[in-house]
Amino acid sequence: MKKLKSIRLRHNKNTAHCATVDFPVPDEVIIPMSQSMGASCDCLVKKGDIVLKGQKIGDSNAFMSVPVHSPVSGTVRIITDYLLPDGKKCKAAIIDSDGEQTLSPELKPPVITDRTSFIAAVRESGLVGLGGAGFPTHVKLNYDAVKTPINMLIINGAECEPYITSDFREFMEEPADITEGILNVQKYLGIPNCKICIEENKPEAIKLMKSKTEFINSVEVVTLPSRYPQGAEKMIIYSASGRIVKEGELPSHQGVMVLNVSTVGFINRYLRTGVPLISRRVTLDGPAVTQNAGNYNVPVGTRIEKLIEYGGAGEIKKILYGGPMMGLCLYDPGQPVIKTTNAVIACKKAVMPKTTPCIRCGLCVKRCPMNLMPVSIQKAYEARDAKALDELKVLLCINCGCCTYICPAHRRLAENTQLAKALVPRK
Ligand code: SF4
Ligand code: SF4
């Protein structure tokens with residue numbers, strides 16, 4: 001197998017030893033009606049409505065959508081327009097908590113009898129990929145088993161971005177849910193083999209999962225090198241199986257399905273309890289966090305500033321939703337934790353070194369995991385040449401940031417590649 005193009009990063013997994021603690025329930029939550037890839041939900045509640053914890057408050061008939069639920073019991077204060085960090089607009093419900101956390105009586109473990117009821121239950125749980133991408137999980141599970149049969153489930157436990165340890169804590173704290181979740185996915189979807197993929201910088205997780213799956217023949221724990229972006233979907237498929245997902249293909253075309261480890265753990269918790277996705281594990285860390293860095297089970301909708309206050313952060317110049325390589329910069333700390341927020345990283349400095357002319361060293365090309373030519377894409381972008389950008393396959397960029405990181409001239413390659421994508425018409 002050819003070696004992956006990748007980079008080495010400092011891991012900074014400072015919070016790996018921090019067991020997950022419940023974050024205090026806030027006085028108010030902001031629940032955007034769009035928290036995943038796909039269509040925004042229609043709001044099912046209105047101003048003044050009383051809601052219960054776990055109650056469904058948003059849903060849609062669109063194929064690519066998942067319902068949203070209230071993480072608190074209380075009163076809907078307002079339904080408002082909302083701007084998400086990725087620039088998407090949607091409605092959001094702001095709910096005042098009554099402090100009681102009264103559970104909706106409708107919450108009960110789903111009855112699962114077959115593939116259809118399993119997928120329907122996963123949809124009702126409001127689950128999206130918890131690794132950060134936010135792809136609706138039930139859509140991924142609902143592949144065409146005749147046209148593209150899947151024979152390998154890959155559990156993505158790479159967590160290759162610096163600082164983030166929320167998936168590591170899932171391994172350490174919920175190994176039974178992970179194992180049962182895998183067995184349920186295998187059973188209801190008929191997938192014969194599973195590989196749990198963990199980077200070598202997490203030896204405790206590797207040891208624990210090996211012991212938990214020792215007598216399960218269909219499940220294997222695979223140790224991967226600690227390289228970035230090992231956790232990117234196409235990279236982990238290649239590392240675990242040697243299969244290459246070609247341009248225009250989905251993983252299912254290569255007989256593979258990839259699920260994040262926290263996602264598969266959540267599936268089992270939902271099957272046990274019937275409690276939908278209303279809170280998630282978030283790593284709070286970064287150079288500006290002076291106390292209480294750790295992992296927290298945070299109600300969805302909690303304002304990020306509440307976490308920052310808790311972290312005793314001093315002078316902050318930048319707050320990231322997610323890790324330093326692929327995370328999104330927050331324009332307002334009043335924005336909420338959403339289903340895809342696996343980390344909040346607070347930075348003291350946001351200083352970008354001065355950009356200098358390209359020295360044609362070729363490092364960006366050498367390190368691009370998608371075999372793109374970031375330096376040429378940059379030129380085509382500057383010329384606003386959509387045809388050249390298309391020929392350079394700019395749409396294949398996974399926004400990993402390796403090119404910017406490695407460039408000795410500090411050129412904004414990844415940033416411009418993202419902007420360049422908007423110039424290319426989608427086919
Ligand atoms: S951001 Fe895009 S162009 Fe840059 S290294 Fe990653 S995949 Fe390649
Ligand atoms: S890494 Fe930077 S300096 Fe080197 S070729 Fe690419 S853009 Fe030019």
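The exercises below go from sheets to helices and then to ligands.

This is a predicted model, in which local features need pLDDT of at least 70 and side-chain atom pairs count only at pLDDT 80 or more, while totals for chains, interfaces and linings use all residues. Residues are numbered from 1 along each chain as its sequence is written, and chains are lettered from A and ligands numbered from 1 in the order in which they are written.

**Exercise 1.** Find the strand order of the open sheet with parallel pairing, and its edge strands.

*Solution.* 
- Step 1: Know the terms. Strands (E, at least two residues) and helices (H or I, at least four) are DSSP runs, numbered from the N terminus; two strands pair if DSSP finds at least two bridges between them.
- Step 2: Read the order. The 4 strands follow one another as β11-β10-β9-β12.
- Step 3: Look for strands that pair on one side only: these are β11 (219–224) and β12 (256–260).
- Step 4: Check one pair. β10 (residues 193–199) and β11 run parallel and are joined by 6 bridges, and Ile196 stands opposite Val221 in β11.

**Exercise 2.** Describe how helix α3 packs against helix α7.

*Solution.* 
- Step 1: Recall what is needed. Two packed helices are described by the angle between their axes and the distance between the axes.
- Step 2: Helix α3 (residues 166–173) and helix α7 (residues 261–273) pack at about 45°, with axes 9 Å apart. Axes are lines fitted to C-alpha atoms, for helices over the stretch in contact, and angles run from 0 to 180 degrees between N-to-C directions.
- Step 3: Name the arrangement. The two helices are therefore oblique to each other (under 35 degrees is roughly parallel, over 145 roughly antiparallel, 65 to 115 roughly perpendicular, and the rest oblique).
- Step 4: List the contacts (C-beta atoms, placed from the backbone, within 7 Å). Ser166, Asp167, Glu170 and Phe171 in α3 meet Val261, Ser262 and Gly265 in α7.

**Exercise 3.** Which residues are closest to ligand 1, and which to ligand 2?

*Solution.* 
- Step 1: Start with ligand 1. Of the 15 residues that surround ligand 1, the closest are Cys368, Cys397, Cys400, Cys403 and Ala414 (a residue is near if its C-beta atom, placed from the backbone, lies within 6 Å).
- Step 2: Find the main supplier. Helix α13 gives the largest share of this shell, 3 residues.
- Step 3: Turn to ligand 2. Here 14 residues surround the ligand, and the closest are Cys358, Cys361, Cys364, Cys407 and Ala409.

Note on methods: Two residues are in contact if their C-beta atoms, placed from the backbone, lie within 7 Å.
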